[in-house]
Amino acid sequence: MLIRVPRASEVRSREITDEELYLRRREFLRQSAAGAGALAGGLLLPGLGGAVEGAPAAGEAPGAVFPLSPFSTDEETTRYEHATTYNNFYEFGTDKEDPSRNAHRMRTRPWAVEVAGEVRRPGTLDLEDLLAPHAVEERIYRLRCVEAWSMVIPWLGIPLKDVLERLEPTPHARYVAFRTLHDPKQMPGQRRPILRWPYREGLRLDEAMHPLTLLATGMYGRDLPNQNGAPLRLVVPWKYGFKSIKSIVRIELTRRRPDTSWNISAPREYGFYSNVNPEVSHPRWSQRRERRIGDFFKRPTLMFNGYAEEVGSLYAGMDLARNY
Ligand SMILES: Nc1nc2c(c(=O)[nH]1)N[C@H]1C(S)=C(S)[C@@H](COP(=O)(O)O)O[C@H]1N2
Ligand SMILES: [Mo]
């Protein structure tokens with residue numbers, strides 16, 4: 001389908017050996033996972049200090065090692081403590097620290113995923129059966145929130161494409177709709193009508209089948225923490241963070257464009273596409289710049305979050321100010 005022209009950064013990477021690339025990557029992860037000693041260069045956000053339960057300790061090698069995808073960025077990864085205590089997961093509260101405080105209540109095993117709609121193999125699968133035949137890889141991606149902050153996270157996961165192909169979409173499938181678990185007992189935020197629950201998101205089928213689109217099961221070499229969307233979340237690195245739906249229990253292939261929770265709650269602010277775009281402001285703020293969590297100064301936001309060469313062709317001929 002897509003013919004990729006390698007980016008300068010990737011060509012550079014290929015000139016060094018796999019072994020060197022591997023060692024360098026481990027070093028990035030070690031830096032980001034290290035404790036207070038690693039703080040010197042970065043600004044500590046209020047409320048983000050201190051040890052985090054389950055975080056890799058200083059000097060400790062991260063968990064399991066998986067092949068590093070060439071789609072990865074070589075930017076320094078966000079500190080684990082920041083990535084796991086500064087979260088959006090409204091099912092557990094709307095403050096950034098709420099998910100890390102409350103999400104431990106969610107039971108993530110056993111976990112069933114319903115596959116429905118325009119597929120030849122519908123049904124309910126245990127998470128392990130959904131994922132087992134596929135190879136897990138590591139991908140270091142930028143993720144930019146619509147609120148103008150960003151992180152760099154080493155995800156573990158499987159290309160969504162691989163999973164969808166095995167489920168065999170019918171020729172009628174044009175979109176993919178996702179839903180998060182709906183259980184107000186485990187997710188106290190769902191007792192209030194902040195969003196349309198369960199949280200729902202959607203992609204056009206070609207976006208879902210794009211090789212960058214990842215179904216993540218882990219990060220920083222270990223399982224996903226609950227606050228980051230355990231046991232299964234989407235990661236769509238060229239779109240605003242809210243498209244990357246957490247704790248998925250349902251995947252439906254549809255003929256029509258599905259409703260999404262943010263689009264239902266504020267259609268003028270959050271469109272279906274929600275591609276990162278510095279040229280198109282959110283109605284209440286500019287999207288030109290962003291603050292990388294851990295940095296002091298803001299940096300310019302890049303078209304498609306820096307993935308324009310990979311995904312730009314998906315939107316050829318579309319007016320991205322109208323289709324925001
Ligand atoms: N189910 C669900 N998924 C969600 C959200 C949410 O509130 N509920 N928030 C989204 C938003 S706005 C962002 S920016 C990312 C944040 O992912 P992170 O906490 O792992 O950085 O998750 C997205 N996925
Ligand atoms: Mo977000």
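Which residues lie nearest the centre of the largest pocket? In this predicted model, 28 residues line the largest pocket, and those nearest its centre are Asn88, Phe89, Cys145, Gly241 and Phe242. Two elements, β3 (137-144) and β4 (149-159), each give two or more residues to this lining. The greatest contribution is that of β4, which supplies four residues. The volume of the largest pocket is about 450 Å³. Sorted by class, its lining consists of 17 nonpolar residues, six polar residues and five charged residues.

The largest pocket is the space that ligand 1 takes. Around ligand 1 there are 16 residues, and among these Asn87, Tyr90, Glu91, Arg233 and Lys246 come nearest. The shell around the ligand comprises seven nonpolar, six polar and three charged residues.

Polar contacts to ligand 1 involve both backbone and side-chain atoms of the protein. At Tyr90, a polar backbone atom is 2.8 Å from an oxygen atom of the ligand. At Glu91, the contact is made through the side chain, with an N or O atom 2.8 Å from a nitrogen atom of ligand 1. Ser244 contributes a backbone N or O atom, which lies 2.9 Å from a nitrogen atom of the ligand. Of the 530 Å² that ligand 1 exposes when taken alone, the protein buries 98%.

Most peptide bonds are trans, and most residues other than glycine have a negative phi. Pro231 belongs to the loop between β8 (222-223) and β9 (233-235).

Tyr220, a residue other than glycine, has a positive phi, near 50 degrees. Tyr220 is found in the loop between β7 (214-219) and β8.

Methods. Residues are numbered from 1 along each chain as its sequence is written. Chains are lettered from A and ligands numbered from 1 in the order in which they are written. This is a predicted model: local features need pLDDT of at least 70, side-chain atom pairs count only at pLDDT 80 or more; totals for chains, interfaces and linings use all residues. Side-chain values use heavy atoms; hydrogens and water are left out. A residue is near a molecule or strand if one of its heavy atoms lies within 4 Å of it. A polar contact is a pair of N or O atoms within 3.5 Å; within protein, one must be able to donate a hydrogen and the other to accept it, and residues adjacent in sequence count only if both atoms are side-chain atoms. Accessible areas come from the Shrake-Rupley method with a 1.4 Å probe; for residues, only the protein chains shown count as cover. On a 1 Å grid over the protein atoms alone, a cavity is a set of points where a 1.4 Å probe fits but cannot get out, and a pocket is an open set with protein on both sides within 12 Å along at least five of seven lines; lining residues have an atom within 4 Å of a point. A molecule sits in a cavity or pocket if more than half of its atoms lie within 2 Å of its grid points. Ala, Val, Leu, Ile, Met, Phe, Trp, Tyr, Cys and Pro count as nonpolar, Asp, Glu, Lys and Arg as charged, and the others, Gly among them, as polar. Grid points are joined across faces, edges and corners, and a volume is the space filled by probe spheres set on the points.
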